[in-house]
Amino acid sequence: MERNESGGEILRRMFSRKQMKNAVRLVAVYARLSAERPSCLPRLARSRLDLARMFRDRWGDGRRTERMLLGALEAYDRCAGSERTSIARIGVLKELDALYGRTGRLERCERMRLRILEAYRALARRYWLIYAEDVSVAQWRLGNLYVDMERFGEAERMYSAALETRAEFDGEDEHRYRPGTAQCLRSLGRLYDYPAAETCYRKSVEMLRALCADRHERRNHIRSLSVSLRSLAELYGKIGRTVAANGSRAEADRLRMEAGDEGRKLAGAGAGSG
C-alpha cells in the first residue's frame with residue numbers, strides 16, 4: 001500500500017531534488033574551470049564537499065558520499081598550501097575518517113588519521129602555539145584507533161607521543177590543557193598492568209585534583225577526576241587491594257554526585273534567568 005504524501009512533503013522532495021541537480025551542475029562547472037584556472041580548485045573542493053553532504057544527509061548514499069569526499073580531497077591536494085586551505089583539507093579528511101569509522105573500515109581510518117596528523121604537524125611547524133594541541137589530539141585519536149585494531153604497541157607509542165607533545169604547552173594554561181593530558185595518561189594506563197598502570201592513573205588523579213583545588217574551576221574537572229579514580233579503583237580491585245579500591249571508588253562516587261548537583265544548579269539557574 002502506497003503512503004499518501006502531503007503537499008508539503010511533495011514540495012520538500014521536489015526542492016531537495018532541485019538542490020541536488022544544482023549542486024551536481026556546480027561541481028561540473030568548477031571541474032571545467034579548474035582545468036584551466038587552478039585558482040578555482042578550492043571552489044571545486046567546496047562544491048564536491050557540499051554535494052557529499054547532500055548524498056549523506058538527504059539520501060543516505062554512502063558510496064556517492066565517499067566518492068565526492070575523495071574528489072574534494074583531491075582538489076584540495078592540488079591547491080597551494082595556505083593555512084585556510086590546509087584547515088579545509090583537514091575537515092575533509094575528518095569527514096572521511098568518520099565515514100570509514102561508521103562502516104568499520106579501520107585501515108582506511110588509519111590512513112586518514114595519519115594524514116590528519118601530518119597536516120597538523122605541518123601547520124604546527126609554522127604556528128606552534130596555535131596547532132600544537134591539535135597535533136596531540138591527532139596522536140591520541142590514532143592511539144585510540146590502534147587500541148580498536150588491537151595494535152597495542154603502536155597505541156602506546158601514540159599515547160606517549162601525545163604526552164610528549166602536550167608537555168611542551170600544557171603549562172601555558174593549566175585549566176585548558178591539563179585535562180587533556182590527564183586523559184592521555186588514563187588512556188596509556190589502560191594498556192598497562194600494575195604497577196605501570198597505577199603510575200599513569202595516579203598522575204592523572206593528582207593532576208586533576210590540583211585543578212579541582214580552584215573553587216571557580218572545580219565543576220569543570222570533577223567528572224574527569226571521578227573517571228580517573230574509577231580507573232584506579234578497578235585496577236586495585238584486579239590485584240586484590242580491596243581497601244584502596246573501595247576508597248578510590250567511594251571518592252569517585254562522591255565526585256559524580258557532586259557533578260550531578262552542580263549540573264542541576266546550573267540548569268536551575270538557566271531556567272530562572274529565562
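Before we look at anything, one term: helices here are DSSP runs of H or I with at least four residues, numbered from the N terminus. Hi everyone, and please keep in mind that this is a predicted model.

With that numbering, let's go to the largest pocket. Both α9 (196-212) and α10 (218-238) contribute at least two residues to its lining. Which helix gives the largest share of that lining? That would be α10, with four residues. The volume of this pocket is about 190 Å³. If you'd like to find it on the screen, look for lining residues including Tyr 192, Tyr 194 and Tyr 201. Also in the lining are Asp 193, Glu 234, Arg 190 and Lys 238. Sorted by class, the lining holds six nonpolar, two polar and four charged residues.

Now let's step back to the whole chain. Among contacts with a separation of 6 or more, 54% join residues 24 or more positions apart.

The largest nonpolar core has 68 residues. Which of them touch the most other members? Those are Leu 51, Leu 69, Val 92, Leu 96, Tyr 120 and Leu 225. Let's take Leu 96 as our example. Setting aside neighbours within four places in sequence, Leu 96 contacts Glu 66, Leu 69, Leu 70, Leu 73 and Met 112.

A disulfide is a covalent bond between the sulfur atoms of two cysteines. The count in this model comes to zero disulfides. Are Cys 40 and Cys 184 buried or exposed? Cys 40 counts as buried because its relative accessibility is 4%, under the 20% cut-off. Cys 184 is buried too, because its value is 3%.

Last stop, Arg 58. You'll find Arg 58 in the loop between α2 (41-57) and α3 (62-77). Arg 58 counts as partly exposed because its relative accessibility is 41%, and that class runs between 20% and 50%. Where does Arg 17 sit relative to Arg 58? The two are 41 residues apart along the chain, with their C-alpha atoms separated by 9.8 Å.

Notes. Residues are numbered from 1 along each chain as its sequence is written. This is a predicted model: local features need pLDDT of at least 70, side-chain atom pairs count only at pLDDT 80 or more; totals for chains, interfaces and linings use all residues. Side-chain values use heavy atoms; hydrogens and water are left out. On a 1 Å grid over the protein atoms alone, a cavity is a set of points where a 1.4 Å probe fits but cannot get out, and a pocket is an open set with protein on both sides within 12 Å along at least five of seven lines; lining residues have an atom within 4 Å of a point. Grid points are joined across faces, edges and corners, and a volume is the space filled by probe spheres set on the points. Ala, Val, Leu, Ile, Met, Phe, Trp, Tyr, Cys and Pro count as nonpolar, Asp, Glu, Lys and Arg as charged, and the others, Gly among them, as polar. A disulfide is a pair of cysteine sulfur atoms within 2.5 Å. Buried means under 20% relative accessible area, exposed over 50%, partly exposed in between (1.4 Å probe, protein chains only). A nonpolar core is a set of buried Ala, Val, Leu, Ile, Met, Phe, Trp, Tyr and Cys residues joined through side-chain atoms within 4.5 Å. Contact means heavy atoms within 4.5 Å.
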